[in-house]
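Here is a short note for someone opening this structure for the first time. Please keep the model in view while reading the points.

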Amino acid sequence: MAQISFCIEKQAEIFNLEPALIWAIIHHETIGKYDQYSFRCEPKLRDTQWYIKILSKSEYDVIGNYCSLGLMHVLFGTVKSMGFNRDYKDLFDINTNIYWGSRYLYSLTKRYPWHEVFDRMKSAEVGAEQWRSNKRCHI
């Protein structure tokens, strides 16, 4: 948790975000487990076309782009469009994930008023919950 806390403070300062906001996103996305290897199947999103094969308890092989990855559940396709040019597995790294998640959040705050950012996040979550309730996600 110390590494997560340090990284959050650093990225919050860089991107002029509230650390509590980053903590809240991580808490929500990892269901309070703060697992750097957290992932979620996201087939309803347009830039997701991958699936995950679990290799061991802490190692995953992501084939394609069907999942949001790491602490902030960033999408590989989204961060690639923002200049990320490394292997998707690097998104399971705490520093890398929080950097790209914070950078993406910052970009949203520059394009939309705060209430729209939260509305967009909430509508995406509601859509994901409806989809998951249909139990179509197979990993």
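**Helix packing, sheet and confidence**

1. Start where two helices touch. From H2, the residues Leu-21, Ile-22, Ile-25 and Ile-26 meet Ile-98, Ser-102 and Leu-105 of H4. Sorted by class, the residues of this H2 contact with H4 are 6 nonpolar, 1 polar and no charged.

2. Helix H2 covers residues 19–29 and helix H4 covers residues 94–111. Their axes lie 11 Å apart, and the packing angle is about 115°. Angles of 65 to 115 degrees count as roughly perpendicular, so H2 is roughly perpendicular to H4. The crossing of H2 past H4 is right-handed.

3. H2 also packs against H1. Here the angle is about 130° and the axes are 9 Å apart. That makes the two helices, H1 and H2, oblique. Their crossing is right-handed. On the H1 side the residues are Ile-4, Ser-5, Ile-8, Glu-9 and Ala-12; on the H2 side they are Pro-19, Ile-22, Trp-23 and Ile-26. The contact of H1 with H2 comprises 7 nonpolar residues, 1 polar and 1 charged. Look again at Ile-22 and Ile-26: these H2 residues take part in the contact with H1 and also in the contact with H4.

4. H1 brings Gln-3, Ile-4, Cys-7, Ile-8, Gln-11 and Phe-15 to the contact. H4 brings Ile-94, Asn-95, Ile-98, Tyr-99, Ser-102, Arg-103 and Tyr-106. By class, the H1 contact with H4 holds 8 nonpolar, 4 polar and 1 charged residues. Ile-98 and Ser-102 of H4 meet H1 here, and both also meet H2. Ile-4 and Ile-8 of H1 belong to the contact with H4 and to the one with H2.

5. Turn to the strands. An open sheet is built from 3 strands, ordered E1-E4-E5, with antiparallel pairing. Which strands sit at the edges? They are strand E1 (39–41) and strand E5 (74–75), each of which pairs on one side only. Strand E4 (residues 67–69) runs antiparallel to E5 and is joined to E5 by 2 bridges. Leu-69 stands opposite Val-74 of E5.

6. How far can the coordinates be read? The mean pLDDT of the protein chain is 78, and 68% of the residues score at least 70. Helix H1 (residues 2–15) has the highest confidence, at 97. Strand E2 (residues 51–56) has the lowest, with a mean of 52. Over residues 47–51 the pLDDT is below 50, yet the model gives this stretch 25 contacts beyond near neighbours in sequence.

7. Over residues 134–139 the pLDDT stays under 50. The model has 7 contacts for these residues beyond four places in sequence. Where pLDDT is low, the predicted coordinates should not be read in detail.

How values were computed. Residues are numbered from 1 along each chain as its sequence is written. This is a predicted model: local features need pLDDT of at least 70, side-chain atom pairs count only at pLDDT 80 or more; totals for chains, interfaces and linings use all residues. Side-chain values use heavy atoms; hydrogens and water are left out. pLDDT is the predictor's confidence in each residue, from 0 to 100. Helices (H or I, at least four residues) and strands (E, at least two) are DSSP runs, numbered from the N terminus. Contact means heavy atoms within 4.5 Å. Axes are lines fitted to C-alpha atoms, for helices over the stretch in contact, and angles run from 0 to 180 degrees between N-to-C directions. Angles under 35 degrees count as roughly parallel, over 145 as roughly antiparallel, 65 to 115 as roughly perpendicular and the rest as oblique. A crossing is left-handed if the near helix is turned anticlockwise from the far one by less than a right angle, and right-handed if clockwise. Ala, Val, Leu, Ile, Met, Phe, Trp, Tyr, Cys and Pro count as nonpolar, Asp, Glu, Lys and Arg as charged, and the others, Gly among them, as polar. Two strands pair if DSSP finds at least two bridges between them.
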